[in-house]
Amino acid sequence: MSKDKEKDRAIAINRKASHEYHIEETFEAGLVLSGSEVKSLRAGKANIGDAFARITGSDAVIINMHISPYADAGYAQHEPTRTRKLLLHKKEIERLRGKTQEKGLSVVPLRMYWKNGYAKLLIGLGRGKKLHDKRQDSKAKDVQREMARAMRRER
């Protein structure tokens, strides 16, 4: 696939993130990857559902992100769930560090996609939802769904 066609094409989406967290702010981060990891991503073999980001020292890292091994890599295979470095500006890392020290805020991966031939990760600063918040969101989705059905029936 050419780079023009893959522009902004989603590789993996964390659907649980919007259900589990109130996303307050988002950041776009690059990833430090090996060659076989990039090949696997081009094949769409990634999962960010259980992943989380952490600020360690002066770096931001993504932990538990699963990129399946590339079948044709031979001896140069990668570890599927290794810790990978995120590429962010120093100001963004310091902002994330300050915000995550607040109670209840965490850095959650939201979406992995291609942008101009580079793999990017959209991370969000999220506050965990309480059970009643999840119920409220579920009710709001049900109401929206019913309204859409009623509008379709009227046509």
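Two strands are said to pair if DSSP finds at least two bridges between them. The strands and helices named in this tour are DSSP runs numbered from the N terminus, with helices (H or I) of at least four residues and strands (E) of at least two.

The structure is a predicted model, in which local features need pLDDT of at least 70 and side-chain atom pairs count only at pLDDT 80 or more, while totals for chains, interfaces and linings use all residues. Residues are numbered from 1 along each chain as its sequence is written, and side-chain values use heavy atoms, with hydrogens and water left out.

**First stop: strand S2**

Select strand S2, residues 21-31. S2 pairs with strand S7 (residues 84-87) in the antiparallel sense, over 2 bridges. Within this pairing, Gly 30 stands opposite Leu 87 of S7.

**Second stop: the nonpolar core**

A nonpolar core is a set of buried Ala, Val, Leu, Ile, Met, Phe, Trp, Tyr and Cys residues joined through side-chain atoms within 4.5 Å. Buried means under 20% relative accessible area, exposed over 50%, and partly exposed in between (1.4 Å probe, protein chains only). Select Leu 86 and Met 112, which touch the most other members of the largest such core, a set of 26 residues. Elements that give two or more residues to this core include strand S1 (10-13), helix H3 (90-100) and strand S8 (105-115). The largest share, 4 residues, comes from S9.

Remain on Met 112 and display its surroundings, taking contact to mean heavy atoms within 4.5 Å. Beyond the neighbours within four places in sequence, the contacts of Met 112 include Ala 10, Ile 11, Leu 31, Leu 41, Ile 48 and Leu 121.

Move to helix H2 (residues 35-42), where Ser 36 is found. Is Ser 36 buried or exposed? Ser 36 is buried, its relative accessible area being 8%. Apart from neighbours within four places in sequence, Ser 36 is in contact with Tyr 70, Ala 73, Ala 76, Gln 77 and His 78.

Then select Arg 42 and Trp 114. Arg 42 lies over the face of Trp 114, at 4.3 Å from the ring centre; a charge sits over a ring if NZ of Lys or CZ of Arg is within 6 Å of the ring centre and within 35 degrees of the ring normal.

**Last stop: salt bridges**

Side chains of opposite charge can pair when their charged atoms come close. A salt bridge is a side-chain nitrogen of Lys or Arg within 4 Å of a carboxyl oxygen of Asp or Glu, and the whole structure holds 11 of them.

Begin with Asp 50 and Lys 16, whose side chains meet at 3.6 Å, N to O. This pair links distant parts of the chain, 34 residues apart: Asp 50 is in the loop between strand S3 (46-47) and S4, and Lys 16 is in helix H1 (residues 15-20). Asp 50 counts as exposed at 51% relative accessibility, whereas Lys 16 is partly exposed at 46%.

Now select Lys 115 and Glu 28, which form a salt bridge with the closest N and O atoms 3.3 Å apart. Lys 115 in strand S8 and Glu 28 in strand S2 are 87 residues apart.

Continue to Lys 85 and Asp 59, joined by a salt bridge of 3.7 Å, N to O. Lys 85 lies in strand S7 and Asp 59 in strand S5, so this pair ties together parts that are 26 residues apart in sequence. Finally, select Glu 37, Arg 82 and Arg 84, which are linked in a network of salt bridges.
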